[in-house]
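Please look over the sequence and the model shown here before reading on. The briefing is meant to be read with the structure open beside it.

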Amino acid sequence: FIEPTETLELNNDIRTLQFQEQYEISRILKELTRQVSDARESIFQNTRILGELDFIHAKAKYSIEVIGSEPRIQPSGATRIVAGFHPILLQRHGRKEIVPLDIEIPPDKNTLVITGPNAGGKSVLMKTIGLLTVMVQSGCHIPASPESQLNVYADVFVDMGDEQSIENDLSSFSSHLANLKVILEQATSASLVLIDEIGSGTDPVEGSSIAAAVLERLTDIGSMNVVTTHHGMLKTFAFEHPRILNGAMEFDQATLRPTFRYRSGVPGS
């Protein structure tokens with residue numbers, strides 16, 4: 001291959017211009033970076049303000065979408081949810097397909113034991129209380145009536161699901177015990193505690209005894225506790241303790257189908 005002299009000079013000119021172009025791009029970027037650096041405090045402040053405005057706008061749009069409302073909020077006292085909906089169920093199914101939640105935990109009770117049939121809505125009720133509480137404390141309207149009343153908590157502790165791990169030598173029961181240990185050590189009178197299927201994963205008699213001891217301790221601590229269970233002994237325990245309330249998810253004995261409605265003061269079948 002032989003390159004003619006004429007094209008060699010042209011090619012050299014093109015390469016020179018390309019180098020000059022890259023140098024100019026680098027110079028411009030450095031200058032822009034310097035200008036941004038000089039204005040970094042204003043940029044950070046504007047970014048924070050825009051983020052806050054975007055957050056407020058998102059909460060407003062969500063409130064309109066779910067027909068949300070602002071409940072009465074207080075540091076302590078009765079917990080009352082009127083016509084409340086689980087946020088995810090509401091988003092997925094709409095209001096017409098969901099049975100709304102109506103529940104009240106009076107101020108002289110700080111532990112609620114929920115019993116009832118499998119797939120009857122116990123866990124959904126507990127999650128609804130937790131999610132609506134966190135939403136309120138995040139400054140969001142909730143999908144419930146404005147007559148609802150929620151408390152303010154410093155901590156929310158949750159033991160839910162199965163976290164068994166061969167790698168960490170944890171059975172289902174051991175993982176629940178580990179979570180309960182943390183809850184008992186850290187919960188205070190300003191905490192909300194949610195425990196699904198307390199005392200499960202072991203012998204029913206032993207599981208009931210452990211669950212009763214945990215509930216008695218949490219009740220004495222003064223935290224707000226909502227637990228679900230199938231243990232019959234805990235129903236009796238709740239009746240005998242002055243600060244523990246029995247609650248049930250209703251079950252239609254004629255059709256053998258859950259109604260997904262909450263009943264206060266009675267154990268579930």
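The structure is a predicted model, and the chain in it contains 7 helices and 10 strands. Its radius of gyration is 29 Å, whereas a compact globule of 269 residues would have one near 18 Å.

**The chain as a whole**

- Taken along the principal axes, the C-alpha atoms of the chain fill a box of roughly 105 × 45 × 40 Å, which can be read alongside the radius of gyration of 29 Å.
- Of the 269 residues in the chain, 35% count as buried.
- When contacts with a separation of 6 or more are considered, 70% of them are made by residues 24 or more positions apart in the chain.

**Helix 6 and helix 7**

- Helix 6 covers residues 204-221 and helix 7 covers residues 232-240, and the axes of these two helices come within 9 Å of each other.
- How are the two helices oriented relative to each other? Their axes cross at roughly 30 degrees, and because angles under 35 degrees count as roughly parallel, helix 6 and helix 7 are described as roughly parallel to each other.
- The crossing of helix 6 and helix 7 is right-handed.
- On the side of helix 6, the contact is made by S208, S209, A211, A212, L215 and E216, while helix 7 contributes M233, L234 and F237.
- The residues of this contact between helix 6 and helix 7 divide into 6 nonpolar, 2 polar and 1 charged.

**Two residues with a positive phi**

- As background for this topic, most residues other than glycine have a negative phi.
- A83 is not a glycine, yet it has a positive phi of about 50 degrees, and its place in the chain is in strand 2, which runs over residues 79-84.
- Is A83 buried, partly exposed or exposed? Its relative accessibility is 28%, and since buried means under 20% and exposed means over 50%, A83 counts as partly exposed.
- F260, also a residue other than glycine, has a positive phi near 65 degrees, and it is found in strand 10, made up of residues 257-264.
- With a relative accessible area of 41%, F260 is partly exposed, because that value lies between the cut-offs of 20% for buried and 50% for exposed.

Terms used:
Residues numbered from 1 in each chain as written. Predicted model: local features only at pLDDT ≥ 70, side-chain atom pairs only at ≥ 80, totals over all residues. Heavy atoms only, no water. Helix = DSSP H or I, 4+ residues; strand = E, 2+ residues; numbered from the N terminus. Buried < 20%, exposed > 50% of the residue type's maximum accessible area, 1.4 Å probe, protein only. Axes fitted to C-alpha atoms, helices over the stretch in contact; angles between N-to-C directions. Parallel < 35°, antiparallel > 145°, perpendicular 65-115°, else oblique. Left-handed = near helix turned anticlockwise from the far one by under 90°. Contact = heavy atoms within 4.5 Å. Nonpolar A, V, L, I, M, F, W, Y, C, P; charged D, E, K, R; others polar. Rg over C-alpha atoms; globule rule 2.2 N^0.38 Å.
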